[in-house]
Amino acid sequence: MKKTLALLLAVVMVVFMLLFRIVIVSCSSMYSTLWNGDWLLVTGSMFRQELRYGDIIVASKDSFRDGECIIKRVIATEGQTIDIDFVTWTVTVDGKVVDEPYRKLASDGYITSDWSYPLQVPAGHVFVMGDNRNHSADSRCHDIGLIDERCIVGKALVRIFPLDRITVFD
């Protein structure tokens with residue numbers, strides 16, 4: 001019995017170390033898609049897959065608030081050119097306006113960018129933004145900047161908590 005329990009515990013630990021992780025949202029930059037305190041099931045390092053527009057990712061590196069994880073939405077991937085009109089908040093990728101039904105803008109803030117646009121995303125990087133655009137430190141800021149794909153912890157698959165808001169992310 002003890003050996004079976006130990007083996008089961010070891011298997012669960014390996015699954016959650018290599019295949020999946022649970023990440024708890026601790027910011028408002030993805031409001032109203034994600035709320036502070038939401039629990040996400042995130043792909044682990046064994047499931048590296050090609051990122052695309054709209055994916056919600058978790059990334060971490062030393063320059064992010066002392067290595068703290070950030071949760072953002074992929075807006076553009078390597079080789080794509082992004083442009084942002086900070087008056088109309090129109091975002092274009094490769095000359096096409098992107099549909100952003102999740103985007104939230106408040107009237108109590110205004111964020112510009114540290115970059116000049118249009119901006120081409122270099123190989124091995126992604127450009128990310130929070131859904132709550134007025135309250136998000138993201139690729140528009142040099143502190144976060146373009147995210148090296150090696151810094152991506154994983155891609156959000158499912159909101160697993162709170163139970164009344166379980167959501168599968170495409």
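Which residue of S10 does Val-126 stand opposite? In the predicted model described here, Val-126 stands opposite Ile-147 in S10, and this pair belongs to an antiparallel pairing of S9 with S10 that extends over two bridges.

The C-alpha trace spans about 65 × 35 × 30 Å along its principal axes. The radius of gyration is 17 Å, which agrees with the value near 15 Å that a compact globule of 170 residues would have. Of these 170 residues, 43% count as buried, while the protein exposes about 9,600 Å², of which carbon and sulfur atoms supply 59%. Among contacts between residues at least 6 apart in sequence, 62% join residues at least 24 apart.

Strand pairing was examined next. Strands of a sheet pair through backbone hydrogen bonds, either parallel or antiparallel. Four strands of the model form an open sheet in the order S7-S6-S5-S8, with antiparallel pairing; its edge strands, each of which pairs on one side only, are S7 (96-97) and S8 (119-120). Within this sheet, strand S5 (residues 81-85) is joined to strand S6 (residues 90-93) by four bridges, and Ile-82 stands opposite Val-93 in S6.

A further set of pairings involves strand S3 (residues 56-59), which runs antiparallel to strand S4 (residues 70-77) and is joined to S4 by four bridges, with Ile-57 standing opposite Lys-72. Strand S3 is also joined to strand S11 (residues 152-161), again in the antiparallel sense, by three bridges, and the bridge partner of Val-58 in S11 is Gly-154. In a regular strand the side chains alternate between the two faces of the sheet. In S3, Ile-56 and Val-58 point one way and Ile-57 and Ala-59 the other way, and all are buried.

Strand S4 is in turn joined to S9 by four bridges, the two strands running antiparallel, and Arg-73 has Met-129 as its bridge partner in S9. Because five of the five residues of S9 are buried, this strand is largely enclosed by the rest of the structure. Both of its faces are covered, with His-125, Phe-127 and Met-129 buried on one side and Val-126 and Val-128 buried on the other. Thr-77, which lies in strand S4, is buried, with a relative accessible area of 15%. Beyond residues up to four places away in sequence, Thr-77 touches Leu-51, Arg-52, Val-121, His-125 and Val-126.

When neighbours within four places in sequence are left aside, the residues in contact with Asp-138 are Lys-72, Val-128, Met-129, Gly-130, Ile-144 and Gly-145. Among these, Lys-72 is the residue of S4 that Ile-57 stands opposite, and Val-128 and Met-129 are among the buried residues on the two sides of S9.

How values were computed:
Residues numbered from 1 in each chain as written. Predicted model: local features only at pLDDT ≥ 70, side-chain atom pairs only at ≥ 80, totals over all residues. Heavy atoms only, no water. Pairing = 2+ DSSP bridges. Buried < 20%, exposed > 50% of the residue type's maximum accessible area, 1.4 Å probe, protein only. Contact = heavy atoms within 4.5 Å. Rg over C-alpha atoms; globule rule 2.2 N^0.38 Å. Areas by Shrake-Rupley, 256 points an atom, 1.4 Å probe, with all protein chains shown as cover.
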